[in-house]
Amino acid sequence: MDMQENPFLADDWMPRYDAMTPENCREALAVAVPEAERRFAEAEAAGGVSWQALLVAPQQALRPAFEAWGLLSHLAAVVSSDAWRAVQAEWLPRMVALSQRVAQSKRIYRGLDRLLGAEGLAPWQRHVAECEARRMRLAGVGLPAAKRRAFNGTQARLSKLSLAFNNHVLDADRETKVTVAPGEEAGIPQDFVQGEGPWTLGIDFATYDAVMRHATCRAVRERMWRARSRRASEGKLDNAPLIEKILGNRQKLAELLGEPDYAHLSTAEKMAGDPKRVEALLTPMAEVGRPAALAEDAELLAFARAQGFKGHLMPWDVAFWAEQQSQARFGYDEETLRAYFPVEHVLEGLFGLVGELFGVTFERETAPLHAWHPDVRFYHLRDERGKRIAGLYLDLYARPGTKNGGAWMNEVRGRDFETLRRLPIAVVCCNQKPPRAGAPATMSFYEVATLFHETGHALQATLTTIDSPLCAGINNVEWDAVEIASQFLEQFPYEPKLLRTLSCHVETGKPLPRDLAERVVAKRTYRAGNALVRQLLFAETDLALHARAYARRHTTADAAMRRIARRLLPRPQHPDDRFLNAFTHIFSGGYAAGYYSYKWSETLSADIYARFVGATPAKRRALGRRCRDTLFALGGSKPAAEVFRELMGRDPDPTALLRLEGLVD
């Protein structure tokens with residue numbers, strides 16, 4: 001294949017995913033990576049102390065190789081196969097080495113130091129240059145040769161370990177099944193138990209959630225809970241040894257850089273700055289959350305016993321009895337509610353809200369997409385004048401075993417008017433129930449909120465007005481600020497008026513009744529204490545595992561988590577709970593010593609959203625445009641704290657989130 005025709009190297013605005021194969025990916029990388037190495041060396045050797053020489057030229061040199069690698073990473077996440085994985089594993093060491101070569105360029109680093117000492121940089125350029133110099137320092141650029149070799153070797157090992165961790169989870173999700181025998185299916189939504197049994201169910205979240213909340217057979221719930229809770233914890237897929245190796249290598253990285261531990265290394269380039277500021281946020285939350293969670297569990301046990309339940313609530317009982325209590329308290333169940341949220345109508349309501357707040361319209365592409373799966377759709381985003389400003393892919397449905405679980409947003413094309421005339425494209429991936437038997441796909445309210453969340457990420461990537469790819473969209477935004485935009489947009493489905501707009505019953509076409517919409521919103525604070533302490537458990541465990549105290553103690557990650565759980569949760573973890581073995585956020589994603597970012601960002605997003613509560617339509621539009629011009633437009637051109645102050649006119653209110661969740665007055 002002519003390399004100019006290779007879809008991994010083509011500069012088409014919309015990539016030709018359907019033409020991409022593991023074979024032409026390998027061919028593309030074999031050309032693009034050596035070329036990037038050569039061009040970067042030329043840019044480095046050219047010298048010069050300027051924005052163009054030190055930041056733009058290196059970025060241009062590297063772009064084709066890293067865009068090809070990004071396309072591969074995306075395909076490995078959405079249509080995973082042994083062939084895609086083999087290409088990833090083959091080229092991962094070379095890509096890590098290239099990243100290290102760039103981050104450890106002494107010429108670039110010394111040039112940045114001189115550039116920052118001179119005049120002439122715009123404020124946004126100075127901020128980006130300062131961030132880049134700090135990243136290079138934390139990537140080992142200043143280490144002596146022997147330590148730098150040790151650092152690079154450690155980074156290479158970590159990349160392989162993280163990839164193996166993620167693949168183990170994917171394989172476990174694909175291979176693990178739960179059998180439901182005839183007579184055990186009562187309560188399980190019919191979508192999952194069609195025809196005659198026995199039925200074989202997967203452990204993807206949509207299936208798991210439906211079974212745990214609705215199956216009346218306790219034995220079925222227990223089998224499902226054990227299957228999902230123990231994934232990636234047995235045999236060749238056991239991630240426990242990988243966890244200890246990952247943590248040990250991360251501690252080694254920190255020590256090589258002179259940091260006490262990886263928690264300090266990670267927070268150094270985030271809004272928080274150091275672990276103590278994180279603790280200052282989380283500790284008051286725990287003081288509020290645990291008493292609330294204890295009271296909620298006592299109420300739930302009393303409710304279950306009043307219905308004839310005997311004994312103690314086990315992990316496979318909680319979701320079921322919480323659903324029963326919720327139905328008794330709020331008068332509806334989540335599966336019945338699903339019929340009110342057909343996907344197409346939810347999207348119409350979501351796009352309508354984005355248009356109202358930010359002046360953006362969505363136009364669906366009708367021509368062939370050349371996408372990675374037939375279910376994928378594409379939208380052109382246009383401003384008030386009808387001018388195209390960005391694009392958005394949506395991949396909504398679950399494909400267990402070939403598509404990563406959860407939901408996420410990635411950048412497909414970054415905004416770049418500094419070197420290319422190119423608009424941004426984002427992709428949003430979810431794992432909702434696909435349409436079945438000719439019926440329209442419907443969404444749970446949780447899935448609706450998740451879609452809003454990921455669209456918030458996509459809007460920050462696509463509504464950016466910064467022309468440099470170095471800081472457009474989410475680039476150069478501190479990691480603990482990246483969730484602000486997404487969690488801000490996630491608040492809106494909880495408004496009764498908008499909730500009714502989003503709804504349209506699949507059979508009657510009618511929206512949610514007003515009283516039902518109000519009850520759905522009221523449910524937001526139901527068991528909020530338990531939800532809070534669960535997130536705090538993940539955040540505190542993440543920080544503890546990456547702290548020096550853990551490394552000194554030589555305990556296991558599982559034991560460390562259980563100690564924290566005893567302090568935070570209303571009941572201890574079950575012995576068979578192996579949550580950490582599938583905690584991809586911190587062991588194969590970007591949240592290592594940064595899972596607290598969700599609560600950090602959520603606090604700021606709740607503060608921003610509070611301005612919209614009770615505002616007139618005109619005021620909401622004005623506030624929305626202000627959000628678009630700051631939070632969504634400025635990307636990483638300024639520190640996130642400055643963007644927040646520019647939007648709000650003050651520093652954040654640390655109690656905003658607790659008030660929103662009904663945990664404080």
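Guide: Let us begin with exposure: a residue is buried under 20% relative accessible area, exposed over 50%, and partly exposed in between, with a 1.4 Å probe and protein chains only. H370 has a relative accessibility of 38%, so H370 counts as partly exposed. The model is a predicted one, in which local features need pLDDT of at least 70 and side-chain atom pairs count only at pLDDT 80 or more, while totals for chains, interfaces and linings use all residues. Residues are numbered from 1 along each chain as its sequence is written, and side-chain values use heavy atoms, with hydrogens and water left out.

Visitor: Where is H370 found, and what is its phi?

Guide: Most residues other than glycine have a negative phi, and most peptide bonds are trans. H370 is not a glycine, yet its phi is positive, at about 55 degrees. Its place is the loop between β3 (361-364) and β4 (377-382). Helices (H or I, at least four residues) and strands (E, at least two) are DSSP runs, numbered from the N terminus.

Visitor: Is R527 buried or exposed, and where is its place?

Guide: R527 has a relative accessible area of 11% and is therefore buried. Its loop runs between α18 (514-522) and α19. R527, not a glycine, has a positive phi of about 55 degrees.

Visitor: Which peptide bond is cis?

Guide: The bond from G197 to P198 is cis, and its omega is near 5 degrees. P198 belongs to the loop between β1 (178-180) and β2 (199-201).

Visitor: How is the overall form of the protein chain judged?

Guide: One takes the radius of gyration over C-alpha atoms and compares it with the globule rule, 2.2 Å times the number of residues to the power 0.38. For 665 residues a compact globule would have a radius near 26 Å, and the protein chain agrees because it has 25 Å. Along the principal axes, its C-alpha atoms fill a box of roughly 80 × 60 × 55 Å. The secondary structure comes to 26 helices and 7 strands, and 57% of the 665 residues count as buried.

Visitor: How is contact defined, and what share of the contacts joins residues at least 24 apart?

Guide: Contact means heavy atoms within 4.5 Å. Among contacts between residues at least 6 apart in sequence, 72% join residues at least 24 apart.

Visitor: Which residues have the most contacts inside the largest nonpolar core?

Guide: In soluble globular proteins, nonpolar side chains tend to be buried together. A nonpolar core is a set of buried Ala, Val, Leu, Ile, Met, Phe, Trp, Tyr and Cys residues joined through side-chain atoms within 4.5 Å. The largest one here has 144 residues, and those with the most contacts inside it are F341, F358, F488, F587 and I608. Helix α11 (residues 275-306) gives the most to this core, contributing 11 residues. A second, separate core of 58 residues includes L29, F40, M136 and L423.

Visitor: Which residues does F488 touch?

Guide: Not counting residues up to four places away in sequence, F488 touches F358, S605, I608, Y609, F612, C627, L631 and F632.

Visitor: Is E540 buried or exposed?

Guide: E540 has a relative accessible area of 14%, so E540 is buried. E540 lies in helix α19 (residues 528-545). Beyond the four places on either side in sequence, E540 touches L282, I564, R567 and L568. The C-alpha atoms of E540 and G594 are 54 residues apart along the chain and are separated by 9.8 Å.

Visitor: What does D171 touch?

Guide: D171 touches R85 and L237, not counting residues up to four places away in sequence. D171 lies in helix α6 (residues 145-175), and D171 counts as buried at 9% relative accessibility.
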